Amino acid sequence: MNQPFVTIAIPTYNRANVYLKHALLSAASQTYQNLEIIVSNNCSEDNTEEIVKSFSDPRIRYFRQSANIGMTKNLMFCLEQAKGDYFLLLNDDDMIDDDFVDVCMKAANYSADIGVILTGARVIDEDGKFLYKSTNKANGLSTTDFFLAWFDHKVPFYDCTTLYNTKRLRDNGGFCSKKGLYDDNVALVVLAARFGRVDVRDVKASFRRHGNNFGTTFAKIADWCEDSLYLLDVMCSLVPEAKDKVRHRGMVYFSIENYVRCTRIESLAKRAHAYLIVYKRFKYCYSPLHFINIRAILRKKVRTFIKK
C-alpha cells in the first residue's frame, strides 16, 4: 500500500528555551515514518539552531531566514518548501500525539486526495497543564452542518489538528485572509468544502494557551472583526443554498468570539469602546450587554460549583 508523504512544518521565532523542543519532539516521535519535518527559523535571537540540530534526525530540514520576514511569510515559506502530499502546520508552542499522523492516514484509508483531515484537540496552559478537550463531532456532516457544528463548538479549528492537502492548499493560494488572522481557517473551510474532509473524533493534538497567543489589544479588534466577516463571507459562498442560515449563525458566533477578545483589553474605557466596535461591525445582531450578563452568570455558577 502506498503511504502518502507528510510534511510537518514548524515556523518558529525565539521559542528555543520555552516550547520549541517539545513541538519538535512530538513531530520526531511520530509512529508514522513517511514524513519530513521543516523548521523555519524566522531570524531568532536565541539558540534555536542548536536545539534543532541536537535532534540529529535526517528527516528534519532546517532553514534560517536572514531577516525577520513576519509570521505569515515564514509560514508560506514552509509551504513552498514542503514535499509532502499533506501539510501540517505545527506552531512552535503546540504538540501532536505520537500517533497523530498514523491515525489520520488510517482514517483517510491512505488516500492522498482528501482536502483536509481533522482531529479533536486538547487545550493546555503555558506549563503544559490540561485545561479542557474537544472531540471532533463532525463525522458524516454535510459542509453546511460542518460549519454550523463549528459555531456550536463541536469542531475544534486549530492548526495542530489539521492536515491540509498540500497541492490543493498551494493551488488555493496558501494561507491568506484580509488581515492574516483567520488565514488558516479560510484555507480549511475552502479545502473541506471543495475537496472533502475526513473527521477523526479522537483528541490527537495539544493547543497551548498562553499570554502570547491569548491576549488582544484594542488596536487589533477592528482587524479581528474584518477578518471574521471575511471568513464568514467565504463560508457563505461555499454553501449558497444555505448562506442565509450560515450567515445568521455566524454573525452571532463571531460577535461572541470578538467580545471575548474585548475582555482581554485592560483599559475599561478602551474595552467599552471595543465592545461598541464589535456590536456595530456585526450589525447589532448580539448585544454586548447580553454577552456580559451571560458571562457573569456562568462565572457565578463556576464559583458555586468550586465551593461545593
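Colleague: Before we start, what counts as a helix here?
Modeller: Helices are DSSP runs of H or I with at least four residues, numbered from the N terminus. Keep in mind that this is a predicted model.

Colleague: Okay, so which helix is Thr 166 in?
Modeller: Thr 166 belongs to helix α6, which covers residues 166-171.

Colleague: Is Thr 166 buried or exposed?
Modeller: Buried, because its relative accessibility is 1%, and the cut-off for buried is under 20%.

Colleague: What is Thr 166 in contact with?
Modeller: Skipping neighbours within four places in sequence, Thr 166 is in contact with Leu 79, Ala 82, Gly 84, Asp 85, Tyr 86 and Phe 87. With Tyr 86, the Thr 166 side chain reaches the backbone nitrogen at 3.4 Å.

Colleague: Switching topic: where is Asp 227?
Modeller: Asp 227 sits in helix α9, residues 218-238.

Colleague: And what's the nearest side chain of opposite charge?
Modeller: That's Lys 179, 7.5 Å away. Asp 227 is buried, yet has no salt bridge.

Colleague: Which backbone nitrogen does the Asp 227 side chain reach?
Modeller: The one of Leu 181, at 2.8 Å. Leaving out neighbours within four places in sequence, the contacts of Asp 227 include Ser 177, Gly 180 and Tyr 182.

Colleague: Now the surface. Which residues make the nonpolar patch of about 300 Å²?
Modeller: Phe 130, Leu 131 and Tyr 132 make that patch. Tyr 132 lies in strand β7, residues 130-134.

Methods. Residues are numbered from 1 along each chain as its sequence is written. This is a predicted model: local features need pLDDT of at least 70, side-chain atom pairs count only at pLDDT 80 or more; totals for chains, interfaces and linings use all residues. Side-chain values use heavy atoms; hydrogens and water are left out. Helices (H or I, at least four residues) and strands (E, at least two) are DSSP runs, numbered from the N terminus. Buried means under 20% relative accessible area, exposed over 50%, partly exposed in between (1.4 Å probe, protein chains only). Contact means heavy atoms within 4.5 Å. A polar contact is a pair of N or O atoms within 3.5 Å; within protein, one must be able to donate a hydrogen and the other to accept it, and residues adjacent in sequence count only if both atoms are side-chain atoms. Lys and Arg count as positive and Asp and Glu as negative; His and the chain ends are not counted. A salt bridge is a side-chain nitrogen of Lys or Arg within 4 Å of a carboxyl oxygen of Asp or Glu. Patches are made of residues with over 30% relative accessible area and no salt bridge: like charges are joined within 9 Å, nonpolar side chains (Val, Leu, Ile, Met, Phe, Trp, Tyr) within 5 Å. Accessible areas come from the Shrake-Rupley method with a 1.4 Å probe; for residues, only the protein chains shown count as cover.
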